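Good morning, and thank you for coming.

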Amino acid sequence: MFGHIFTFEVRRWLRSISTYIYMLILFLITFFTGLLIGGTWPGVTANFGGEKIFANSPVIIDAMLTNINTYVGLIIVVAVIGNSVLKDFTNNTAALIFTTPVSKFNYLFGRFCASLFIVLIILTATGLGLMAAFSSPWVNADRMEAFHLSYYVATYWQSVIPNALLDGAIFFAVSLIARDIFVIWLSLIVFFVAIGISNSYFSSLEHQTLSALVDPLGTHAKRAISKYWSTYQKNHYHYTMTGLFLYNRLLWIGVSFVLLAVGYSFFSFTGTARKLFFNKIKLKDNAIPVFKKSDLNRDALPKVTLSFGRVTYLKSLWGLSVNECKTLLRNTYFRIILLFGMLLLLLVSFQLGKIYDTSTYPVTYIVAEFLEGTFHIVIVVITFMFAGELVWKARDYRMSNILDALPVPNWVFYFSKMVGLMFMQVILLCLVMVCGILVQTFMGYMHYELPVYLEYLFGFRLIDFWLLAILAVLVQTLVGNKYVGYFILAIFYLWNSTFAQLVLKHNLFVFMSDPGVEYSDMNGFGHAIFPYIVFKVYWGSLALCFAALSSLLWARGSETGLRLRWRHAKLKEARAGWVVILIGLIVFISCGGFIYYNTNVQNEFRTSFQQEEQQANYERLYKKYNNIPQPKITAVKLDVDIYPKERNLHAGGVFTLKNKSVHPIDSVHILIASDAKLGKVNFSTGARLAFYDSVIGYRIYKLTQPMQPGDSILLTFNTDIITHGFQHNFSGLGAPLYNGTFLNNTSFLPSIGYNEGYELADNTTRKKHKLGYRPTSHPITDTLAYQHNELSQDADFIDFDATLSTVPDQIAIAPGYLQKEWTTNGRRYFHYKMDSPILNFYSFLSARYEVKKEMWNGISLEIYYTKGHEYNLDRMFNGMKKSLAYYSAEFSPYQHRQVRILEFPRYSTFAQSFPNTIPFSEGIGFIADVNDSSKDDVDYPFYITAHEVAHQWFAHQVIGADVEGSVVLVETLAQYGAIMVMQNEYTAEKLRKFLHIEMDNYLSSRSNEGEKEKPLAYIDEGQGYIRYQKGGIVMHALNNYLGGDSLNHALSRFVHRYAFQGPPYPTTLDLMRYIREVTPDSLQYFVTDIFEKITLYKNKVAEAKLTKMPDGKYQVNFSIESQKLYSDSTGLEKPVASNDYIEVGVYNGKRKMLKLERYKIPGGTTKLSMIVDEKPEKVIVDPRVLLIDKDFNDNELKLTEGAAVAKK
Amino acid sequence: MLQIKNLSKTYPNGVQALRDVSLDISNGMFGLLGPNGAGKSTLMRTIATLQDADSGSIMFGGIDVMKQKHELRKVLGYLPQEFGVYPKVSAEEMLHYIARLKGIDNAKERKELVTALLQQVNLYNHKSKFLGGYSGGMKQRFGIAQALIGNPKLIIVDEPTAGLDPAERLRFNNLLSEIGENIIVILSTHIVDDVSELCNDMAIIANGQVVQRGNPESLIAAVQNKIWSRRIKKADVTAYQEKYKVILSKLSGGDVMIHIFSEENPGDGFAMERAGLEDIYFANIA
């Protein structure tokens, strides 16, 4: 019987055209995506997991197949399994089937197995699509390695099949319990959202193991396995079914069977579809079996006036719309969605804006963005779902027979549905707002900014949802089947939100797009508003056409073929609709023209490929001028006028240029950023423009008199940044802003000579543009490159003088000390002058600032911030004081009399150190909500301040040569300084937590390295994870290993030797020399390991036993497993023999360290013991996080009581 | 006056639902009698603007129905053969909703009308109950009430009694009979009694064609004295069918009662039968 049902069902599906359509669609999706990541279109870059990972590597194949099958495939699972199970109810065949003697088991599982089987067959299309794409001739052979069927097979049996089983089981059970397709869709949303919540909730480091287990799709488990995998491993190994991944799979297969059993037990052969929420009670009517004159009398009916015309229709529209809205509010499912949405929003709010696992204050824009961001996809899904329901409602309920024959024009029906749908979206956004306010209240934050909520949610987001609703109704109007409509919409949404931008490039072609909106407490919505409105008028007018078209083609009557409807749409009655379409098109096209004029005519529009191509051209044309003798800037004097409202800037300046070379110089090469316009240029000794490339902005001036070695001349120039219209993408800091301008010298001032910094650095990109291989940095042995520092090729240390002007309510700031402040002609002027030479690296800021100042040891500490952002000023002041104290005591005196922190808008989130000036993004630290009593919170406003202040030494005193490794002298040493300041300020526990986060960052980033990992001493500028994360950890370790002030002593000598020196600039070789001088022979290996090799450990406490001794003390016996590995640049790790110093600590129950010992531990297992006075609880190897450990989760072990008392 | 001229309709699946149908219908209750699948509903839906014919025309007064659907809808009352209801909507709300759509935009008038209609069709006591819970007869009465909204000049009632129990049917027909004289009411049905009880003009439609047309009484008069009946054994039915023009055979106490058409007395045990509309119907669709 089972077999019979199974084959019948399978045959039915194989006959059904939809099976093949599903397969075709899945095939096409994967095929297309496969080509995309296979590098078919050189202009489109879609890399997952690093450039060095092959497109057909096992990790990518797994990620692609798992994701496509999970998210797109899930719809198919629901469609097929839901259909199979509910079929007998929807087709009313239940009575026929259930009265046959088939057993419940055979009936249900015959159906289920057959539909699951069909689903699996359909899902093979994804694998085939990917294989076809990868073996097609169109992919880029560089992105491919040899074909391995096993990768595909592994993915299917590890992920695709178990996940399909789970999905199937869930929807099987739900179908059987609810017997209502709507509930099934609802559970689909619940399922997605649950995955989303668990993703965000368990993303932190601590929950890694738990999340790996509970993630139903196994993604977290896979991530946990492969997190620290090297490129080599990612390219050559598929996941193995061991450990967490195995347990996860077993757990969820088990859950699947439980769900199947639950569904099975709920089901009984009763005929009717069960409704979950209401029961029908049939009314009885006292029928009269004999003739009785009926009460009907048409003449006695009250006289009514009928009116037909616009006004009536509008009134009807109003009435119908109110009705739609009421119906919606009465809808039980909608109420459930609201309740459930609320739950979701409150749950996710725990993850609000965390940095270093530390929360921020729930300021309104963060709450609004975060909650809307989380809820966005739910609103989209519900919109699609209700659009289908609304359009098909009359037909589904067979009410259309009556309604369609009523004297109401199509557009009244259409717009009433639209209003209902749009009203629903408003309600959902209200929910977001209410939850936002609740969340703020729960967190004790009462500064609700209602206008921000209203503007963000109902000004910006709602419009997109409305456009989407109009599109959804159009699609549902055109298709002949609701589910086909859903499917089309799902595919479209996926395309539009992911690939459309990549493939079509310009926003003009990506439905609903806009240049982007970012709210900042400083700058509000700023200059994002106008282009946003223009774009929405553009898409809105298209939507108007859609609306008119939907209303023209509204399905009405009993025949709804599209051709027929088209015929009706051409009738005279429908003319108004075409007029609307015409108007819509006119607005659409003219708006599009206006946008094009702004983005492509007034501003330059370049795809990233074109941008890269221009850089390639720059290199091809002008590389020949690299290293020709050019003068260097020795002094700058500037007048910079900032016009925040117009978003313009006019600058005039005088550069003093000196020929520091040994050759005469007869021409000066000048480059300027593409956003700036260079006006008048004048050389004090006379010159003429000999060459000008207006595309790239390369100019060569031939000097009337060549500069002899040692000669100086003055270069006088004007330069402007003028904002015209708007650009294709929202640009944050590139130009002056209404409030919060932040520009540095490279953004509008000329530079001298060919600058290698503008070349394409990434070698994969270089290859795409047919440029040869180029080492990412100059080799450390390239002594020619010692002649300039890594910040600027055209200057060493300079004298600085700048006069800034801005509007009266703003303060303008540049490095240096304020000499004078005055107001003329309604402009506020500030004259700054630096009293000692600085690097050629300076900034200009202007904003409506509040100022707070403190004096500390003769140094003026100042914070310029936005009103309302007072939260962490004290932490920043504390950070400045503690770090100034530490660095000036340990390294060298502070060169300035002032430190200023200046807030700038969150369009970028970094802090950056200029001479006595530290611009600090509002997005990182100003609104941090650090809870000092929590063991988890990292005081990152303090930490970032300490890091940036350290740059006043490491960058602004000592700067490295323009060779590999030099960033270590800047970033690693600053990071080291910050960690040392933190170590003095915070508990060992917190530092340990911080270092663990850094270690995790280092290990997972190195696994995504695109080029090759280099040892610390030779790193490239782009390798942030090495210079900050690894650098900080190993320098902190070195300090501990060397003990005392040895390291600081070495650094101090290093600083004194190189501070404020011009060329030749130092390199990491010099740094290492100073360090090695203070390192005993026994630890020289460690310096080598951290600087010159990529060293990793696998340390583990294998065993730990506690024995109470007769004298009341405790003996701890434990064994340590240790392994040291050296990695090569591709990530291939090889164990090496070792006998290294490793610390072991014993802790009591309150996480207090009882004893710390440093042992010399060889590779392999070593048995050790320790005696402590107090009762210990656990043993931790390397508790101070000194070594890079590939798995620090096994570094601690709880002690178990020993069996017998040891006697000595 | 409703004039249907040369109406033909073939569905995409090849079923020819209407073949050159022409009918002139004037005020009063017009019965459209025919078996299932004869094309009645197609014709009704076409008149009710819900679908188009392939050829032919329908004129109602000055309205060309197929080209001026909206105009016709203004004067139309339509009770479809089959209609569903939204869940959780009461009869009163639904009538209000439809009244508004029919162009009654004065709320007070609407309310009075809805109340009066609910009373007239005896649903007033159940007005705030959800329609989903109504019995078949109640639902059809609701259907009539909604069709009467807005002084329709043309009412189309498509198979209203199908599926009603005898008492409900009786009650419903009582209701229909009051709809009045001054407008056109087209009642389609496959139940002969509905037509004989209610209509003074009728047509019989079979296989998409009009096969009889006229006043029920005169149609009956034309065959009066020509219908003969006899009770026979089941086994003999075939033999009689070969021998006579059998128009009707129905079970009767275990045997079969047959009616035949014959100008003269056929003898053979036949007795003259009083002709009824049933005989006309079966004679025409056989």
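**Strands and helices in chains A and B**

Strand β3 (residues 665-671) of chain A pairs with strand β6 (residues 698-707) of chain A in the antiparallel sense, over six bridges. A word on terms: two strands pair if DSSP finds at least two bridges between them. Helices (H or I, at least four residues) and strands (E, at least two) are DSSP runs, numbered from the N terminus.

The model is a predicted one, in which local features need pLDDT of at least 70 and side-chain atom pairs count only at pLDDT 80 or more, while totals for chains, interfaces and linings use all residues. Residues are numbered from 1 along each chain as its sequence is written, and chains are lettered from A and ligands numbered from 1 in the order in which they are written.

To return to β6(A): A:Lys702 in this strand is the bridge partner of A:Ser667. Strand β5 (residues 687-693) of chain A also runs antiparallel to β6(A), joined to it by six bridges. Here A:Phe691 stands opposite A:Ile700 of β6(A). β5(A) and β6(A) form a hairpin with four residues between them. In that turn, A:Gly697 has a positive phi of about 85 degrees.

Let me turn to chain A as a whole. It has 32 helices and 28 strands. Its radius of gyration, taken over C-alpha atoms, is 35 Å, close to the 33 Å that the globule rule gives for 1208 residues, so chain A is as compact as a globular protein of that length. The globule rule is 2.2 Å times the number of residues to the power 0.38. Along the principal axes, the C-alpha atoms of chain A fill a box of roughly 120 × 90 × 60 Å. Of the 1208 residues, 45% are buried, meaning that 20 or more other C-beta atoms, placed from the backbone, lie within 10 Å of the residue's own.

Chain A also contains an open sheet of four strands, in the order β24-β23-β26-β27, with antiparallel pairing. Its edge strands are β24 (1153-1162) and β27 (1196-1198) of chain A, each pairing on one side only. Strand β26 (residues 1178-1181) of chain A and β27(A) are antiparallel and share three bridges; A:Ile1180 stands opposite A:Glu1196 of β27(A).

What is the order of the strands in the open sheet of chain B? Four strands form it, in the order β2-β1-β4-β5, and the pairing is antiparallel. β2 (16-25) and β5 (63-64) of chain B stand at the edges, each with a single partner strand, so one side of each is left without a neighbour in the sheet. Two bridges connect strand β4 (residues 55-60) of chain B with β5(B) in the antiparallel sense, and B:Phe60 has B:Ile63 of β5(B) as its bridge partner.

Finally, a helix pair. Helix α8 (residues 216-223) and helix α10 (residues 277-285), both of chain B, pack at an angle of about 75 degrees, with their axes 9 Å apart. Axes are lines fitted to C-alpha atoms, for helices over the stretch in contact, and angles run from 0 to 180 degrees between N-to-C directions. That angle makes α8(B) roughly perpendicular to α10(B), a term for 65 to 115 degrees. The contact (C-beta atoms, placed from the backbone, within 7 Å) involves B:Pro216, B:Leu219, B:Ile220 and B:Val223 of α8(B), together with B:Leu277, B:Asp279 and B:Ile280 of α10(B).

Notes:
Parallel < 35°, antiparallel > 145°, perpendicular 65-115°, else oblique. Contact = placed C-beta atoms within 7 Å. Buried ≥ 20, exposed ≤ 12 C-beta atoms within 10 Å, placed from the backbone.
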